[in-house]
Amino acid sequence: MRLGTKIKELRKKKGLTQIELSERTGLTERTIQRIENHEVEPSKHSLKEIGNVLNHNLIEQKFDDMTKKSKIKQN
């Protein structure tokens with residue numbers, strides 16, 4: 001699952017709108033939208049802030065995703 005999709009899924013499970021997540025993280029609503037729509041690669045800071053609100057280690061999630069992609073490319 002792509003990171004933006006995972007964030008959207010976690011946000012919805014928490015019952016939060018993009019605006020509410022924006023307010024709790026200090027990120028703009030547009031930034032949240034872009035991340036969820038895979039338009040931008042979220043920064044470490046953004047991942048940390050979103051992860052804190054959603055109670056999920058998104059930095060670790062991103063690292064795991066990158067590791068999986070690397071293994072696929074090697075094969």
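Colleague: Which are the buried residues of α4?

Modeller: This is a predicted model, in which local features need pLDDT of at least 70, side-chain atom pairs count only at pLDDT 80 or more, and totals for chains, interfaces and linings use all residues. Residues are numbered from 1 along each chain as its sequence is written, and side-chain values use heavy atoms, with hydrogens and water left out. Helices are DSSP runs of H or I with at least four residues, numbered from the N terminus, and buried means under 20% relative accessible area, exposed over 50%, and partly exposed in between, for a 1.4 Å probe and protein chains only. By that rule the buried residues of α4 are Ser46, Leu47, Ile50, Gly51, Val53 and Leu54.

Colleague: With which residues is Ser46 in contact, leaving aside its neighbours within four places in sequence?

Modeller: Ser46 lies in helix α4, which covers residues 44–54, and Ser46 is buried, with a relative accessible area of 7%. Taking contact as heavy atoms within 4.5 Å, and leaving aside neighbours within four places in sequence, the partners of Ser46 are Leu27 and Ile35.

Colleague: Which residue meets Glu41 in a salt bridge?

Modeller: A salt bridge is a side-chain nitrogen of Lys or Arg within 4 Å of a carboxyl oxygen of Asp or Glu, and a search of the whole structure finds five of them. Glu41 is exposed, with a relative accessible area of 58%. At 3.4 Å from N to O, the side chain that meets Glu41 is that of Lys62.

Methods
Helices (H or I, at least four residues) and strands (E, at least two) are DSSP runs, numbered from the N terminus.
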